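Let us walk through this structure one piece at a time. We begin with a pair of helices and then turn to the loops.

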Amino acid sequence: MKGSPPSRVPAFAAYNGISSNFLWMAWSGTASILNSVLIWIVIARQRSVEEVAHFAVVMGLYALFFSVVSLGLMPYLVNVISRRAGDAARATSRFLGSSTVLLIGSGFVTAFLMTLSGFVVSGSSRVQLSAAALSLALIPTGVIALAEAFSIAHHRTRRVAVITTIENVLRTLVPIAILLADGSLVAVCLSFAAVRFVALGAYLAT
């Protein structure tokens, strides 16, 4: 007697899980791109060429330090958190606690270096103050990377996508409102930093 054919349900479940995670993360990335495009369009239309150039310098510095604040640990964190899923709660908490301290420290160090870089690359007080204001966004960024790694390791990519979407909506609407109200670039940069802290709060609350 021939055995019954193997069930395909696990394969379909795995496929659905992968496709769902992919779609949520793709949407998260798309929202981030749309945010950047809209902000640049409004700044280009509302401000002088000099201010656009100053904003480009500040955002360039931010992109540089944003790429290093998490110390490239995201893949490692996802891997370790996934493997520790069955460990005792105390051991997992100890790892998450030490990682949090490390990434908070990285946030403060990179924020200081970005502020210092603003004085090195430009003599404009607008650039220097804006760089200092935007550097504050780096402080919660490392911890947000840990929260994202934790979510991904526990197959909660929807959580990442939803919080990222909310963050990008706020990071678009608030700066645009400031720009339309003739607010300064420093105020725009402070709003970016404030929204990063809101995103961190959302992770901690969920």
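The model is predicted, so local features need pLDDT of at least 70 and side-chain atom pairs count only at pLDDT 80 or more, while totals for chains, interfaces and linings use all residues. Residues are numbered from 1 along each chain as its sequence is written, and side-chain values use heavy atoms, with hydrogens and water left out.

Helices here are DSSP runs (H or I, at least four residues), numbered from the N terminus. Two packed helices are described by the angle between their axes and the distance between the axes. Helix α7 covers residues 157–180 and helix α8 covers residues 185–205. Their axes come within 9 Å and cross at roughly 155°. That makes α7 roughly antiparallel to α8, a label for angles over 145 degrees. The axes are lines fitted to C-alpha atoms over the stretch in contact, and angles run from 0 to 180 degrees between N-to-C directions.

Which residues of α7 meet α8? Among them are Val160, Ile163, Leu170 and Val174. On the α8 side, the residues include Val188, Phe192, Val195 and Tyr203. Contact means heavy atoms within 4.5 Å. The residues of this contact divide into 15 nonpolar, 2 polar and 4 charged. Here Ala, Val, Leu, Ile, Met, Phe, Trp, Tyr, Cys and Pro count as nonpolar, Asp, Glu, Lys and Arg as charged, and the others, Gly among them, as polar.

Now take the length of α7. Its 24 residues should span 34 Å at 1.5 Å a residue, and its end C-alpha atoms are 34 Å apart, which agrees. The expected span is 1.5 Å times one less than the number of residues.

Next come the backbone angles. Most residues other than glycine have a negative phi. Just after α7, Asp182 takes a positive phi of about 65°. His155 has a positive phi near 60° and sits in the loop between α6 (138–153) and α7. Is His155 buried or exposed? His155 is exposed, at 64% relative accessible area (buried is under 20%, exposed over 50%, partly exposed in between, with a 1.4 Å probe and protein chains only).

Leu71 also has a positive phi, about 60°. Leu71 lies in the loop between α2 (49–69) and α3. Leu71 is partly exposed, at 43%.

Finally, Arg84 is in the loop between α3 (74–83) and α4 (89–121). At 27% relative accessibility, Arg84 counts as partly exposed. The C-alpha atoms of Arg84 and Ala153 are separated by 9.8 Å, although the two residues are 69 residues apart along the chain.

How values were computed: Helices (H or I, at least four residues) and strands (E, at least two) are DSSP runs, numbered from the N terminus. Angles under 35 degrees count as roughly parallel, over 145 as roughly antiparallel, 65 to 115 as roughly perpendicular and the rest as oblique.
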